[in-house]
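Thanks for coming. I will go through one model today, starting with its core and then its helices and charged pairs.

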Amino acid sequence: MTITYVLQVLHAMEDGKIQDATYIKDLEGELHKAFRRVRRRVLRLRSRAQYEIGEMDWAKVSATSGHMEEFTKYCSLIRNFNMADCEGLPGIESFLKEGFKVDDMIDRADKIASLETVSAAAYSPMALGFGILDGFAILPKVKVDNKKFHSMDMAYIHTLIEDLENYQKEVRKLTAALDEIGKKAREEADCLNDLHDYFVDGIGDLKAILEEKGEDWNRYSQCEKMQIARAIQVAQLITILFPHLLNDKGEVSEESERAIEKAKRALSFRDA
């Protein structure tokens with residue numbers, strides 16, 4: 001029997017439409033099986049979401065490990081930076097309109113690059129999320145009493161209806177949240193993996209331009225400025241994707257949702 005069916009029976013008993021308690025011979029046993037099915041479903045969803053978070057974390061490590069340090073080193077060498085020269089480049093103008101500043105982005109990139117050497121507590125919002133869902137499968141307890149049920153104790157039946165309806169509500173909320181976490185973690189990982197490829201190539205372009213033209217932004221061609229702007233854009237997107245996916249309540253944070261959508265939009269302007 002499902003919890004929904006048990007609730008239908010309990011409501012009918014409360015309304016006087018069913019007056020035979022043997023309608024469900026073993027209420028405790030039936031609900032035990034239903035609760036077991038729910039626990040298994042929740043654990044499957046949690047395992048799947050944790051796997052996606054793990055893949056997302058590996059994408060974070062891959063996108064930033066060594067690359068951020070190299071990127072900030074080369075970027076800090078350039079003099080007379082003027083991102084306004086890049087107006088009109090799809091995706092870049094949105095950063096300019098939002099008040100994007102290269103120095104602020106480089107500061108965030110530096111923090112990410114130095115995570116291995118600084119105190120973990122200093123940048124805990126940026127720390128990786130390994131095992132973050134280990135305690136994320138707590139379901140409410142429902143006390144089932146066959147004796148009170150079979151004695152047609154209406155006060156107990158009323159309480160049981162409330163408890164089961166609350167249980168259903170919490171289960172639906174939890175399963176939807178776990179499903180959303182897995183979905184968003186997968187989307188973020190996909191963005192990070194694509195950005196990683198662009199980032200590696202962008203750093204290579206940045207290094208080559210510095211070696212050939214020197215450190216003065218004004219000496220670069222428009223094409224070279226665009227190449228550098230693209231690398232900066234990718235670095236910016238990686239830095240905003242790096243913080244925790246979840247908020248303190250264990251839900252996908254609004255900040256993460258905005259960052260994922262921003263990265264997806266920016267990537268839509270690019271092809272291989």
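A nonpolar core here is a set of buried Ala, Val, Leu, Ile, Met, Phe, Trp, Tyr and Cys residues joined through side-chain atoms within 4.5 Å. Buried means under 20% relative accessible area, exposed means over 50%, and partly exposed lies in between, with a 1.4 Å probe and protein chains only. This is a predicted model, so local features need pLDDT of at least 70 and side-chain atom pairs count only at pLDDT 80 or more, while totals for chains, interfaces and linings use all residues. Residues are numbered from 1 along each chain as its sequence is written, and side-chain values use heavy atoms, leaving out hydrogens and water.

The largest nonpolar core has 72 residues, and Ile3, Leu10, Phe71 and Leu164 touch the most other members. At least two residues of this core come from each of helix 1, helix 2, helix 3, helix 7, helix 8 and helix 9. Helix 7 gives the most, 20 residues. Helices are DSSP runs of H or I, at least four residues, numbered from the N terminus.

Now helix 1, residues 3-14. Its buried residues are Ile3, Val6, Leu7, Val9, Leu10, Ala12 and Met13. They pack against helix 2 (27-64), helix 6 (146-150) and helix 7 (154-213), contact meaning heavy atoms within 4.5 Å. Just after helix 1, glycine 16 has a positive phi of about 85°.

At the start of helix 7, a side-chain oxygen of aspartate 153 comes to within 3.1 Å of the backbone nitrogen of alanine 155. Glycine 214 follows helix 7, with a positive phi near 90°.

How many salt bridges are in the whole structure? A search finds nine, each a side-chain nitrogen of Lys or Arg within 4 Å of a carboxyl oxygen of Asp or Glu. One of them joins glutamate 187 and lysine 264, at 3.6 Å from N to O. This pair links distant parts of the chain, since glutamate 187 is in helix 7 and lysine 264 is in helix 9, 77 residues apart. Glutamate 187 is buried at 17% relative accessible area, whereas lysine 264 is partly exposed at 34%.

Glutamate 254 forms another salt bridge with arginine 258, the closest N and O atoms being 3.9 Å apart. These two are about one helical turn apart because they sit four residues apart in helix 9. Both glutamate 254 and arginine 258 are exposed. Salt bridges with shared partners also join Lys184, Glu187, Glu261 and Lys264 into one network.

Methods. A polar contact is a pair of N or O atoms within 3.5 Å; within protein, one must be able to donate a hydrogen and the other to accept it, and residues adjacent in sequence count only if both atoms are side-chain atoms.
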